[in-house]
Every structure is written in C-alpha cells, then in structure tokens.
Amino acid sequence: MDIATRVYNHKWQIDPIVRSLIDTDFYKLLMCQSVFRNKPDTRVEFSLINRSDKVRLAELIDEGELREQLDHIRSLSLSRGESTWLRGNMFYGKRQMFRPDFMEWFENLRLPPYHLEKINGQYELTFEGSWPEVMLWEIPALAVLMELRGRAVLNRMGKFELQVLYARAMTKLWEKLEHLRRIPDLKIADFGTRRRHSHLWQDWCVQAMMEGLGPRFIGTSNCLIAMRRDIEAIGTNAHELPMVYAALAETDAELAQAPYQVLADWHEEHDGNLRIILPDTYGTSGFLKRAPDWLAGWTGIRIDSGDPASGAETAIRWWQERGEDPTQKLVIFSDGLDVDQIEALSAQFAGRVRVSFGWGTLLTNDFRGLAPDDALAPFSLVCKAVSANGRPTVKLSDNPEKAMGPKDEIERYKRVFGVGEQERREVVV
C-alpha cells in the first residue's frame, strides 16, 4: 500500500479515522464485559487530558472536522463479521471469552453523546453516562485527535515530500526491528493504538513486525487489526478499573481494599485466566506489601510507570517473599518503551523472570525528527475517567508526573495507600 499517495489523495468520507467499534484495544472490551456484569449502573465522566500543553490542539485541528469524525464514530455498530469473530474466536486459549449477554448488548450499542468546546487553545472533550458505554469512547477519541493533528501537518506537504517522509519513517522502523532481532527470546506486542500516527500506519507497523520479527512478535492490542491480519489480540486490564472502584468507596477502609476488589472480580469474571496484575495505580510497593496471598499465585505483573527495572526488581522480591518462583512469572513492560530500553531490560532480567514487552507510541508514532519543526513528534494525550457517581477519581502512579485528581483527594489517597516520596520521570508519551 502506498500510504503517501493515500494521504495525499485523502478524503475522510471514504477513509474515516475510526472504521469500527473494534478499532480499539482488546483490554477495553475485556474490561467492558467485567464492568457490564459487575458495575453496569455506575455513572462516569471521561475527559481528554493533554499532558503536553505546548501542543495547542484547538489551534491545529479544525473543530468542524473533529465533530465530523466524532459523529461518524457514533454511527458505528458491530458488523456481522466482527460479532462472529468476538463470539467464536479463541483468545488466550479460551473460546467464548465474551459471553452471550455481553455480546447481545454490544451488538446493539451506539456510543453516547460527547461534549466539545475550546478553552485556552485546547479542546475540552468529555463523555458522560453509564460506565460500560462511556468507557468505549477512550481509545477512538484519542486516535481521532492524534490523527487529526497529524493530518493538519501532512496537509501542508506536497506529494513527493510525503513520499520521502513515509520512506524515512519506514526505514526508521525497519532499523528498529533489525535491532530487536538480536535480542534472544524476545516476546513483543503492539500496544500502539491510542496514540498512533494513523490507522493505516499502525496496520503497516503490525505487518512490518510480522515479517521482521516472526514468532518474536506475539500480537497486537488492536482488535480490528488482529481480526484482519489473523494474529493474537493482546491485553488484560488497565488503571481505569481501580480508579473507578476507589472513587465508589464509602470509607477509607473500603478505599484501601478497592484495588484488590477489582482483581477479585476480575478473577471471577475470567475463571482464573488473564491473571496479570497492574499494581501502580496507587503505588506499586504499597500495593504489593498489602496484597492478599492469593495474588502471588497470579501469572505476572505489568510495569507501566516509574523506573521499569526497579519495578521488576520489586516484583521479584515480592514473589520470593511469598514462596513463588520468579522464573515462572511474567513481567510485562509497557511504559514509553523504545529499542534501547527493551534491549537493556531483556538483558537485565534474562533467566530471572519471563519477560514480555508492550511497545506503544514509539512503535506506531515515531516520526521524531522527520517533519519540519518536529511537528509530527508524538505527545502525551490521555482520556481518563475523572468522576464516578459524582465523586472524583484519583491516580497516583509510580511517577508523580502521571498523577491526576483534586489535590485534597490526592493527599487523602497518599495517606490511605501509604505513598511516600516518589521519583519524578519525564512523561514523553
């Protein structure tokens, strides 16, 4: 596929940014089913948060074009083929991962309305309603804004400039894959949907990974691409679940137990499958220190903030203290990774623990240094649950630069979860 020509001839009506309700991350659908069964009546608000405030989105992206794209997403519903794939495909070795009651609901779903306005050079984009419906806005909303920002830059380029741009980007990625080939026993997946350069580019990146890495490439988080390319859909759960469960807690004691209640519900939902712990929502060290013994028997842990090596060392010590063999456990690294860090982490933990990588933005959106004024460099854009049943949500993370929530609630959560001094790390993507 000639991506440069496709971009040059681009008309959104025949080439929408989000093509399907399953053009989203697999973990969103897994979490949605869990929420649908456990907390279907919870009312939430999600909001766009641009951590890179120097990128003034409302000055780059036309509001009318943004509304067209968001309205198009609201018109989408599952196709028959997509429904058949979700109902009948095998995920993580299990058939009928998605239950009939959830699938019947999902097949009739249209995403709820959005609220959009401009404030100080940024877009304020919010979604309110029932949790199972609203949560499915997160990934497509981010993908639309990231791609529209890219299109605003690309529209200023001529046909040959675009061809050179994409040739350089392809070469850059292929050189990364050649680097990754040298890593023994590498296991790596595409986690790049939410901040991708474009749908077409993510699909190209996945195909390049398939050819360039062979069995080292274990799948993609993007359900639509997984279906079309006949590869594994990869994902488990995210910070959204403990953030909302914690906001619903009535007392400090309930708040302290909320992250473990999430995993208890998850365990019951998936019959002991998909047992990966994401411990950093309110601080990894405190989470593991207070964790019930049954969690030590889970398959592994995902490291998504803070220093990744320190996080993995903490997990290894925790497993050893609980009588578990770390060499049989899995550590998934997924925070802002690129090839040098992947190589270093692989070497540090080889033979000590099973290691896998979720490669995100710097796989599907690494156009750094390729456009004038670095106008296509990736930036940090998120869409998070900011309230649940009228109460604010809080995220502390292992990196205070990723913390979110009202200041008084952040201090309360730090007290309840015993979070002390934290190391600040620049959030690039």
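According to an unreviewed UniProt entry, residues 22–145 carry the annotation "domain: Nicotinate phosphoribosyltransferase N-terminal". Within the model, this span is 47% helix and 22% strand, and its end C-alpha atoms are separated by 18 Å. The unreviewed entry also lists His239 under "modified residue: Phosphohistidine". In the predicted structure, His239 is placed in the loop that connects α11 (223–229) with α12 (240–248). Its relative accessibility is 4%, and His239 is therefore classed as buried, the limit being under 20%. Beyond residues up to four places away in sequence, the contacts of His239 are with Leu278, Asp280, Thr281, Asp304, Lys384 and Lys395.

An open sheet is formed by five strands, arranged in the order β4-β5-β1-β12-β13 with antiparallel pairing. Its edges are β4 (114–119) and β13 (391–392), each of which pairs on one side only. Seven bridges join β1 to strand β12 (residues 381–388) in the antiparallel sense. Glu45 has Ser387 of β12 as its bridge partner. Helix α4 (residues 63–74) lies across β4 and β5 (122–130), and its direction makes an angle of about 165° with β4.

Asn50 belongs to strand β1, which comprises residues 43–50. With a relative accessible area of 16%, Asn50 falls under the 20% limit and so counts as buried. Two polar interactions of its side chain were identified. The side chain of Asn50 reaches the backbone nitrogen of Ser52 at 2.9 Å, and a polar contact at 3.1 Å links the side chain of Asn50 to that of Gln122. When residues up to four places away in sequence are not counted, Asn50 touches Val55, Leu57, Gln122, Phe379, Ser380 and Leu381.

The largest nonpolar core contains 146 residues, of which Leu86, Phe98, Phe106, Tyr166, Leu180, Phe333 and Trp359 touch the most other members. Helix α8 (residues 138–154) supplies the largest share of this core, namely nine residues. For Tyr166, one of the residues touching the most other core members, contacts were also examined individually. Apart from neighbours within four places in sequence, Tyr166 is in contact with Ile3, Ala4, Val7, Leu154, His197, Trp201 and Phe367.

Positive phi values were noted for two aspartates. In Asp185, a residue other than glycine, phi is positive and near 60°. Asp185 is located in the loop between α9 (159–181) and β6 (188–190), and its relative accessible area of 72% makes it exposed. Asp373 likewise has a positive phi near 60°. The position of Asp373 is in the loop between α17 (361–364) and β12. At a relative accessibility of 80%, Asp373 is classed as exposed, since the threshold is over 50%.

A further loop residue, Arg216, lies between α10 (199–213) and β7 (217–220). The relative accessibility of Arg216 is 30%, for which reason this residue counts as partly exposed. Leaving out residues up to four places away in sequence, Arg216 touches Arg181, Ile183, Leu186, Lys187 and Ile188. With Arg181 there is also a polar approach, in which a polar atom of the Arg216 side chain lies 3.4 Å from the backbone oxygen of Arg181. Relative to the core residue Tyr166, Arg216 is 50 residues away in sequence, and the C-alpha to C-alpha distance between Arg216 and Tyr166 is 25 Å.

Definitions and conventions:
Residues numbered from 1 in each chain as written. Predicted model: local features only at pLDDT ≥ 70, side-chain atom pairs only at ≥ 80, totals over all residues. Heavy atoms only, no water. UniProt positions renumbered as here; feature names shortened; annotations may be inferred. Helix = DSSP H or I, 4+ residues; strand = E, 2+ residues; numbered from the N terminus. Buried < 20%, exposed > 50% of the residue type's maximum accessible area, 1.4 Å probe, protein only. Contact = heavy atoms within 4.5 Å. Polar contact = N/O pair within 3.5 Å; in protein donor to acceptor, adjacent residues only side chain to side chain. Pairing = 2+ DSSP bridges. Axes fitted to C-alpha atoms, helices over the stretch in contact; angles between N-to-C directions. Core = buried A, V, L, I, M, F, W, Y, C linked by side-chain atoms within 4.5 Å.
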